[in-house]
Amino acid sequence: MFFQRLPEHKLRLPTAEEALPGRDTPIQTSQTTHSVLGTPLHPPFPEQMQTLIVGLGCFWGAERRFWQVPGVYSTAVGYAGGLTPNPTYEEVCSGMTGHNEVVLVVFDPEAVSLQHLLKMFWESHNPTQGMRQGNDQGTQYRSGIYVSDMAQRAIAEASKANYANALQEAGLGEITTEILPAPTFYYAEDYHQQYLAKNPGGYCGLGGTGVCLPG
C-alpha cells in the first residue's frame with residue numbers, strides 16, 4: 001500500500017513555540033441535541049453518567065460506532081490533546097495545533113461497562129500505526145484514550161496490556177496508543193457532529209486488525 005508523503009511537521013506534534021495561537025472564545029456552534037439519540041451534546045449530563053474521550057482515526061466513523069452502543073447516553077466529536085485553544089477543523093488538519101480528532105462518549109456505567117467500550121475501541125481500529133490510521137495520515141489520527149480518573153486509567157492500561165499480548169500473538173506490531181488524563185475537549189463544528197447520520201454515504205476510514213480483545 002502506498003501513502004502520499006506528508007510534510008514532516010504533520011507527522012510529529014508541534015512544540016509550544018510552533019503551535020498556532022488559537023483564540024480565547026469557543027468556535028460558535030448552534031447544535032445542542034444529538035441528532036440520533038435526542039440527548040444533550042453539552043453538560044451538565046445526568047449525575048450517574050461517566051465520560052470517556054477516545055481517538056481512533058477520523059472522528060466521523062468513530063462517533064457512529066459509539067452512539068450505536070446501548071447504554072451510551074450521548075456522543076460528540078471534537079479536538080483534544082493539543083496546544084492551541086479553541087481550534088478550528090482547518091487548524092487541526094494543518095498539524096500545527098497538536099490536537100487529536102476525538103469522540104466524547106457519555107455513558108451509564110450501570111448499562112454499559114467501560115471494559116465493553118474499550119473492547120469496541122481496540123477492535124475498531126489499528127492501534128499500532130502511530131500518526132495515522134489507514135490512509136488517514138497526520139497527528140490528528142493518532143490512537144488515544146483520555147480518562148476522567150485513575151480508576152478509568154487502571155482499566156484502560158490493563159486492557160492495553162491485554163490487547164498488546166493478543167496483537168503480538170497475531171504477529172502485529174507494538175501499540176502506539178497514548179493513555180492520558182482527559183485534556184480540555186473542544187467541540188468540533190456543527191457539521192461534524194453525527195456526520196454519518198446526516199450523510200449516510202459519507203467517508204468512514206475505520207478498519208480494525210481483525211484481532212479480538214481477550215476476555
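**View 1. Trp122 is buried in this predicted model**.
Its relative accessible area is 0%. Buried means under 20% relative accessible area, exposed over 50%, and partly exposed in between, with a 1.4 Å probe and protein chains only. Trp122 belongs to helix H3, residues 114-123. Helices (H or I, at least four residues) and strands (E, at least two) are DSSP runs, numbered from the N terminus. Leaving out residues up to four places away in sequence, Trp122 touches Pro127, Ile145, Ala156, Ser159, Lys160, Tyr163, Ile175, Thr177 and Leu213. Contact here means heavy atoms within 4.5 Å.
The model is predicted: local features need pLDDT of at least 70, side-chain atom pairs count only at pLDDT 80 or more, and totals for chains, interfaces and linings use all residues. Residues are numbered from 1 along each chain as its sequence is written, and side-chain values use heavy atoms, with hydrogens and water left out.

**View 2. The side chains of Trp122 and Ser159 make a polar contact**.
The distance is 3.0 Å. A polar contact is a pair of N or O atoms within 3.5 Å; within protein, one must be able to donate a hydrogen and the other to accept it, and residues adjacent in sequence count only if both atoms are side-chain atoms.

**View 3. Arg142 and Glu178 form a salt bridge**.
The closest N and O atoms are 3.0 Å apart. This pair links distant parts of the chain, 36 residues apart. Arg142 sits in the loop between strand S5 (136-137) and strand S6 (143-147), and Glu178 in strand S7 (residues 178-181). Both Arg142 and Glu178 are buried. A salt bridge is a side-chain nitrogen of Lys or Arg within 4 Å of a carboxyl oxygen of Asp or Glu. The structure holds 5 of them.

**View 4. Glu157 and Arg153 pair within helix H4**.
Their salt bridge has its closest N and O atoms 3.5 Å apart. Helix H4 spans residues 150-169, and the two partners lie 4 residues apart, about one turn of the helix. Glu157 is partly exposed at 32% relative accessible area. Arg153 is also partly exposed, at 23%.

**View 5. Glu18 meets Arg12 in a salt bridge**.
The N to O distance between the side chains is 2.9 Å. Glu18 counts as partly exposed, at 32% relative accessibility. Arg12 counts as partly exposed at 29%.
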